[in-house]
Amino acid sequence: MSLIRKPQALLLPALLALSLSACQTTSPTAAGDGSVSYGDARAVETVTTDLGSTDIQMIAEKMTQSLLQTPEIRNAIKKRELLMASPVKNKTSEYFDTRLITDTILTQLQKNGVKYVIEGEDMQNQVDELRRQNQSGLYKKSKSVKMGNMQGAKYRLDGSISSIVKKGSNVKDVYYKMNLRLIEIESGVVEWSEEKEIRKSAKR
Amino acid sequence: MKQITMTAALGLALLGTPCALQAAAEGGTIASKVEELGKMSYLKVTDMRAVKRDGLLRIQVTISNTDNSNQQLYYRFRWLDDDGFTVWDEEAWKPEIIYGLQKKVIQAVSPTFKATDFRLELQSPKNEGAPFSGSNPPGGITNQ
């Protein structure tokens, strides 16, 4: 009796294992219908003539490479002089966040030893935290940061991006020009400036 | 292509800091610095110069179009240290139009002081046997 039961007892787990293995895949992906996929963030993007990832990356790359060659930036690295980025003016007909460009430039400069200070929308968080530590009465004095020790930047980056759009009967042509300047804040002297031009065309 | 790469001296002008670029100059041919994604039919790297100045590697590459028609090129640099490790994030692919029979000069400066060597990745959609065909750039997103 026990001899007859044994193969049956083995058959059920084996079938279960087989049915489970049929569902298994070596691809580390979650369930999906395959309509969504990941692409290369560094690929050349030519979906439309609007400013896109490739344009942002090319602009930031050129500006960083050019900035690193300036004596002011080299000195800033040596002497730990501070940099900040004013909001770049978007004069194109499209909406996009120009901080995409300046944030990338600042990050790449920072990797090379340039120190920069925060400004604009990040400033509020900084002020809030300083006030919380000093004025809320929640923190030990010995373990909280002091007010009045923030450092000002010596240089600021400022610039604009403009576009000229031309439309023919069967073609659309867009010319972008990004201008970036490095300004010594105390004197207002422009120490460095650079431009990047991009032309994009599409058949209509 | 082979003949050109073998005969065209890689003009690694080792001005400034010759020692720093000694590793980069190893091999001494354009072929050792260029990585083509599929053999290019019409575009050839005919000159390449590298110099380290003020701590930054400066590269100048001449790409010649041997065809009468315009050619699309995609390129990017990979920045390496003496030991062959990458010292910077992957660069974005950059598009470039090379007019018929034009010799286009491409210049680049390393984005970091740590770079002592480089590789130039090239892809042209009309490459012979390229893994990409039509108007698709490497991993490119195109308007369908």
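A:Glu81, leaving aside its neighbours within four places in sequence, is in contact (heavy atoms within 4.5 Å) with A:Asn75, A:Ala76, A:Lys115, A:Lys154 and A:Tyr155. This is a predicted model, in which local features need pLDDT of at least 70, side-chain atom pairs count only at pLDDT 80 or more, and totals for chains, interfaces and linings use all residues. Residues are numbered from 1 along each chain as its sequence is written, and side-chain values use heavy atoms, with hydrogens and water left out.

**Setting of A:Glu81**
- A:Glu81 lies in the loop between helix H3 (71–79) and strand S2 (82–85) of chain A, where helices (H or I, at least four residues) and strands (E, at least two) are DSSP runs numbered from the N terminus.
- With a relative accessible area of 15%, A:Glu81 is buried, a term that means under 20% relative accessible area, with a 1.4 Å probe and protein chains only.

**Helices H2 and H4 of chain A**
- The axes of helix H2 (residues 53–68) and helix H4 (residues 99–111) of chain A come within 9 Å and cross at roughly 40°, the axes being lines fitted to C-alpha atoms over the stretch in contact, with angles from 0 to 180 degrees between N-to-C directions.
- Residues of H2(A), including A:Ile56, A:Ile59 and A:Leu67, meet residues of H4(A), among them A:Leu100, A:Ile105 and A:Leu109.

**Chain B**
- Chain B has 2 helices and 8 strands, and along the sequence these follow the pattern α-α-β-β-β-β-β-β-β-β.
- Of the 144 residues of chain B, 50% count as buried.

Key:
Chains lettered and ligands numbered in written order.
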